[in-house]
Amino acid sequence: MRDAVGSFVGWPSDLIFPDAETPTRPTHKAGKGISRRIESVASQKEVPGRKLKKAGKDIPTTSGTKSQIMMRLEKMVEESDIMHGAIRSVDIDEGVFGIAHSEIIAKEDMQQLFEHEELGIVVIHTYIWYMYDTLMRGTELCNRFNFIAASRINTTLITKNPTSVKNELVDRFMAVGDNTTPSLYFLPFNSGNGGHWVLVAMDLSRLMVYYLDSLSGDWSKYPSMK
């Protein structure tokens, strides 16, 4: 996947779902890497390894709308204290967004995944952190791609205090240092139209801004993004 970043990749047919009302995930072999992935997000003290292993047993093998790995994750969460109000903290270092901060994962965030609801900032940021930690950290990709936190640049802040948003962007650009080398800054941007997310990509070396939208239409639908 690291070699594929920045190139065109053929999309596997089992990841294409014509029926948008029943999105599914590709079926993977069960029991591979679940505990390691969850341990990287959750506190080992709060979610002991034995609970993770126990959650991986007796999973029904159905071919419904959820993959095996999603059913395992859902079962693990149901058997944990998250369903009773407990939280997990993810510490994100400054290498990811240019500033260190923590994200709090709660029951509502997990349900967004399980129920295929609109994703919140916590889920978006956690995914970016995992992608950075898995594919980018310690490689030359860190010089080519940078991320901007959606919690610091969004429609609400742009409307209420546009000056602070401009300062945030300048601080993020300056944190990298050399912006003459071709690189992209990625900003997940919530349009505010029912929680729809688009992706803004900024190339400072060319003074060019791109946006990627999974829905049809043009950028004029999102004046705050412009």
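Of the 226 residues of the chain, 35% count as buried; buried means under 20% relative accessible area, exposed over 50%, partly exposed in between (1.4 Å probe, protein chains only). This is a predicted model: local features need pLDDT of at least 70, side-chain atom pairs count only at pLDDT 80 or more, and totals for chains, interfaces and linings use all residues. Residues are numbered from 1 along each chain as its sequence is written, and side-chain values use heavy atoms, with hydrogens and water left out.

**Exercise 1. List the secondary structure of the chain and describe the sheet formed by E3, E4, E5 and E6.**

Solution.
- Step 1. Take the elements as DSSP runs, numbered from the N terminus: helices (H or I) need at least four residues, strands (E) at least two.
- Step 2. The chain then has eight helices and six strands. Their order from the N terminus is α-α-α-β-α-β-α-α-β-α-α-β-β-β.
- Step 3. Two strands pair if DSSP finds at least two bridges between them. Four strands make an open, mixed sheet in the order E3-E4-E5-E6.
- Step 4. At the edges are E3 (145-147) and E6 (208-212), and each pairs on one side only.
- Step 5. Neighbouring strands are turned by 25° on average, direction ignored.
- Step 6. E4 (residues 184-190) and E5 (residues 197-203) run antiparallel and are joined by six bridges. Tyr 185 has Met 202 in E5 as its bridge partner.

**Exercise 2. Check the length of helix H6 and place the helix on the strands.**

Solution.
- Step 1. The expected span is 1.5 Å times one less than the number of residues.
- Step 2. H6 has 16 residues, so the span should be 22 Å; the end C-alpha atoms are 21 Å apart, which agrees.
- Step 3. H6 (residues 121-136) lies across E3, E4 and E5, at about 150° to E3. Axes are lines fitted to C-alpha atoms, for helices over the stretch in contact, and angles run from 0 to 180 degrees between N-to-C directions.
- Step 4. The buried residues of H6 include Val 122, Ile 124, Ile 128, Trp 129, Tyr 132 and Leu 135.
- Step 5. Just after H6, Gly 138 has a positive phi of about 80°.

**Exercise 3. Classify the aromatic pair of Phe 145 and Phe 186, then that of Phe 173 and Tyr 185.**

Solution.
- Step 1. Rings of Phe, Tyr and Trp (its six-membered ring) pair if their centres lie within 6.5 Å; planes under 30 degrees apart are stacked, over 60 edge-to-face, the rest tilted.
- Step 2. The whole structure holds three aromatic pairs.
- Step 3. Phe 145 and Phe 186 are stacked, at 5.8 Å centre to centre and 25° between the planes. Phe 145 sits in E3 and Phe 186 in E4, 41 residues apart. Both are buried.
- Step 4. Phe 173 and Tyr 185 have ring centres 4.8 Å apart and planes at 70°, so this pair is edge-to-face. Phe 173 is in H8 (residues 162-176) and Tyr 185 in E4, so the pair ties together parts twelve residues apart in sequence. Both Phe 173 and Tyr 185 are buried.
- Step 5. Phe 145, Phe 147 and Phe 186 form one aromatic cluster.

**Exercise 4. Describe the surroundings of Ser 183.**

Solution.
- Step 1. Ser 183 lies in the loop between H8 and E4.
- Step 2. Its relative accessible area is 7%, so Ser 183 is buried.
- Step 3. Contact means heavy atoms within 4.5 Å. Leaving out residues up to four places away in sequence, Ser 183 touches Asn 143, Arg 144, Asn 146, Met 202, Asp 203, Leu 204 and Ser 205.
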